[in-house]
Amino acid sequence: MCGIVGYIGKNQDIRMGIEALRRLEYRGYDSAGAAWYNSDKKDIFLVKKAGRIDNLEKAIQESNLVSSGNPFILHTRWATHGGVDDINAHPHSDCKNEIFLVHNGIIENYQELKEKLIKEGHKFCSQCDTEVLSHLIEKYFQGNLEEAVRKALKEVRGTYGLAVISKKDPGKLVAARLSSPLLLGINQDEILVASDPSAVITHTRQVINLDDNEIAVLKPENFFILKEKPVIQIEWTAEEAQKGDYPHFMLKEIMEEPEAIENAIRGRLIPEEGQVKLGGLSSVEKKLREINRLLLVACGTASYAARTGEYMLEEYAGIPTEIDIGSEFRYRKPIVDKKTAAIFISQSGETADTLAALREMKEKGTMALGITNAVGSTQSRETDAGVYTRSGPEIAVASTKAFIGQLITLALLTVYFGRQRDMALVMGQRIVSELAKLPELARKVLKQAPEIEKIAKKYKDCKNFWFIGRKYNYPMAMEGALKLKEISYLHAEGVASGELKHGALALIDENFPTIVISPSDSVYEKTISNIQEIKARKGPIIAIATEGNEEIKNLVDDVIYIPKTLEMLTPILSVIPLHLFAYYTAVALGKDIDKPRNLAKSVTVE
Ligand code: F6R
């Protein structure tokens, strides 16, 4: 949520910063800005523009401001405080235009600080909370930028990842973090600071994650942080974060879903023992045997993975499992004891609400496990142990392959916990062998992309959709609906099939289609009753059914087939057509697929 880039080193050209910022555009795209030090003029130049990074680049080209020197700082914004315009865009500066900064997060006491600073004579020009930071740093500045930053931050309540430069203390970039991700990219003759590894990946794969309350001082030849810190290697390459020949990242990422399954299971299945090997849990293996209750906490799409996990873990591992969304969990009074473990699921590992819930659980002494895609993320550093989904970089705002990675990881955990308890060897072997077949089955589903595209075009002018499913596929109904609304802006809701008759059915008519997830599983016959209820009211139906089910063709308008697998694993196949359906509908409607309006990847504010 918002992207930060800062640079100090051999490169003198702000275009390099723009190039890095583009790789963060998925984090926010309301406006963008840059400030850079010009060593000839001994001054800092500032350009900021509402809209996409293209607008910023054009404005820089037209400004005739020479860029010869650094440091520079850049920002791409997802607005919280203050409208989307040039003035509220970052960087923000002080009264004398000597200090410039970019900020992610929210300064919660900004109103109070602003009033105080105005009384002291500071002149504000924006409505953005960030501007108080530049004036506070100005207030404390006495020639040493890091000292001023340190003093200013003592007065601040809220969250921040920030990068600051000053023409009165040149040759230096100061970065600081509290609850908003920030990392240093370390390379020979240059150091970058960024809110996300994608920004630094074309320069270096060596990164250092800043911790909360840390301040780093970057100079061209070195950097200084109070604490000795490990250098982490980014596991993916710059190429993996490129669109390649695909028109959109979302399509590329859906097409990578079979690979996401392969990566998540690679080296982890032990077929003969009906067991899985999860290295990230080895340190807590013994303690996990004692656990008799699980809490799964996540937000958005990841919470639907959690919901599916609840069905898996209860049915096959026999552990009472409860799920909640991060933003609510933190305000409840969860009853936990020493035999409870909480599992936090997050693609980015930086979602503020999930992290807040994690910290609440740590505070209570509860064992905290993580499922994340982001190595070195805040979540992975703060949990006691965890499992990486290994889905590779996900750039489209709508999560697809990372969601599949989460489902697979939950299936692996089910075998892990199950085999620690009562799960029979044959059952473990069965799940493990079905998991191994999934990549091929997923590829088979993807081959139907052209048919799914036709179906999406057929229904694109409908304004409302129900998605329904039962048991393992109820969460998939919610996922299908979320994906559709997120990128096509059509109204869609996921409903448990059994709930239709309790209200939702009232809306059904010939213009209100329902997508029914109806694999041939233990609840198939019940779902067929729902199909009849919808048909009796003339509602169009698209069914997701198991290959070989010919009967369903007579009951519904369109069918998309998925191959047969174990009931517990059907969501992993049924969600693929739902992702494609959302994608092709949004394409047919001409929407901005990878950067849907009002949204951004990785929600690092509350
Ligand atoms: C929807 C989507 C979001 C995220 C949610 C949690 O397509 O991507 O709903 O799932 O914001 O994000 P993470 O998994 O990064 O915690």
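The shell around the ligand comprises 6 nonpolar, 7 polar and 2 charged residues, where Ala, Val, Leu, Ile, Met, Phe, Trp, Tyr, Cys and Pro count as nonpolar, Asp, Glu, Lys and Arg as charged, and the others, Gly among them, as polar. Of the 15 residues around the ligand, those that come nearest are Ser346, Gln347, Ser348, Thr351 and Lys483; a residue is near a molecule if one of its heavy atoms lies within 4 Å of it. The model is predicted, with local features needing pLDDT of at least 70 and side-chain atom pairs counting only at pLDDT 80 or more, while totals for chains, interfaces and linings use all residues. Residues are numbered from 1 along each chain as its sequence is written, and side-chain values use heavy atoms, with hydrogens and water left out.

An N or O atom in the side chain of Ser348 is 2.6 Å from a ligand oxygen, and a polar backbone atom of Thr301 is 3.1 Å from a ligand oxygen. For Glu486, a polar side-chain atom lies 2.8 Å from an oxygen atom of the ligand. The protein covers 87% of the 410 Å² of accessible area that the ligand has on its own (Shrake-Rupley method, 1.4 Å probe).

Two or more shell residues are given by each of α9 (300-317) and α16 (474-488), helices being DSSP runs of H or I of at least four residues, numbered from the N terminus. At least three residues of the shell come from each of domain 2 (249-446) and domain 3 (449-588), with bounds from an automatic or database domain assignment.

Key. A polar contact is a pair of N or O atoms within 3.5 Å; within protein, one must be able to donate a hydrogen and the other to accept it, and residues adjacent in sequence count only if both atoms are side-chain atoms.
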